[in-house]
Amino acid sequence: MACSEPICYLLHREAADGSEGLLMEPDLASALDDAADPAWRAVRITFGRQIVLEGKELEIAIAERHGA
């Protein structure tokens, strides 16, 4: 049985060498916490096909979450 509803947020990120990675997160707060990992550059956070945060808005949300 196929499910059409997304069940997690995806954190799209890039490493310094250009490789890409995805992390499945249970909620937006967890995605923002992992987006602050200095070993990676957060690219966007999605929920299903919907882009939740990316670009400058993502940078701002990460900074606000971590009190910067």
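Trainee: Which residue in β2 stands opposite E14?
Mentor: The model considered here is predicted. In it, six bridges join β1 to strand β2, residues 20-25, and the two strands run antiparallel. Across this pairing, the residue in β2 that stands opposite E14 is E20.

Trainee: Which residue in the turn between β1 and β2 has a positive phi?
Mentor: β1 and β2 form a hairpin, with four residues between them.

Trainee: With which residue does R41 form a salt bridge?
Mentor: In general terms, side chains of opposite charge can pair when their charged atoms come close. For R41, the closest N and O atoms of the salt bridge are 2.8 Å apart. R41 is in strand β3 and its partner is in strand β1, 27 residues apart, so that the pair links distant parts of the chain. The partner of R41 is E14.

Trainee: Is E14 buried, partly exposed or exposed?
Mentor: The relative accessibility of E14 is 25%. A residue counts as buried under 20% and as exposed over 50%. The value for E14 lies in between, and therefore E14 counts as partly exposed.

Trainee: Which helices do R65 and D33 tie together?
Mentor: The side chains of R65 and D33 meet in a salt bridge, at 2.9 Å from N to O. The two residues are 32 positions apart in sequence, and each lies in a helix, so the pair ties together separate parts of the chain. R65 is partly exposed, with a relative accessible area of 42%, and D33 also counts as partly exposed, at 34%. The helices are α2 for R65 and α1 for D33.

Trainee: How many residues apart are E59 and K56?
Mentor: The side chains of E59 and K56 meet in a salt bridge, at 3.7 Å from N to O. Both residues lie in helix α2, with a separation of about one turn of the helix. K56 counts as exposed, at 56% relative accessibility.

Trainee: Are the rings of Y9 and F47 stacked, tilted or edge-to-face?
Mentor: A search of the whole structure finds one aromatic pair. The ring centres of Y9 and F47 are 4.6 Å apart, and their planes meet at 40°. Planes under 30 degrees apart count as stacked and those over 60 as edge-to-face, so the pair is tilted.

Trainee: Which strands hold Y9 and F47?
Mentor: The two residues are 38 positions apart in sequence, so their pair ties together separate parts of the chain. Y9 counts as buried, at 19% relative accessibility, whereas F47 counts as partly exposed, at 27%. The strands are β1 for Y9 and β3 for F47.

Trainee: Over the ring of which residue does the charged end of R13 sit?
Mentor: The distance from the charged end of R13 to the ring centre is 4.0 Å. The cut-off for a charge over a ring is within 6 Å of the centre. The ring in question belongs to W40.

Trainee: Which elements give two or more residues to the largest nonpolar core?
Mentor: The largest nonpolar core has eleven residues, among them Y9, L32, I45, L53 and A61. Within the structure, A61 touches L32 and L53, not counting residues up to four places away in sequence. The elements that give two or more residues to the core are β1, α1, β3 and α2.

How values were computed
Residues are numbered from 1 along each chain as its sequence is written. This is a predicted model: local features need pLDDT of at least 70, side-chain atom pairs count only at pLDDT 80 or more; totals for chains, interfaces and linings use all residues. Side-chain values use heavy atoms; hydrogens and water are left out. Rings of Phe, Tyr and Trp (its six-membered ring) pair if their centres lie within 6.5 Å; planes under 30 degrees apart count as stacked, over 60 as edge-to-face and the rest as tilted. Buried means under 20% relative accessible area, exposed over 50%, partly exposed in between (1.4 Å probe, protein chains only). A charge sits over a ring if NZ of Lys or CZ of Arg is within 6 Å of the ring centre and within 35 degrees of the ring normal. Two strands pair if DSSP finds at least two bridges between them. A nonpolar core is a set of buried Ala, Val, Leu, Ile, Met, Phe, Trp, Tyr and Cys residues joined through side-chain atoms within 4.5 Å. Contact means heavy atoms within 4.5 Å. A salt bridge is a side-chain nitrogen of Lys or Arg within 4 Å of a carboxyl oxygen of Asp or Glu.
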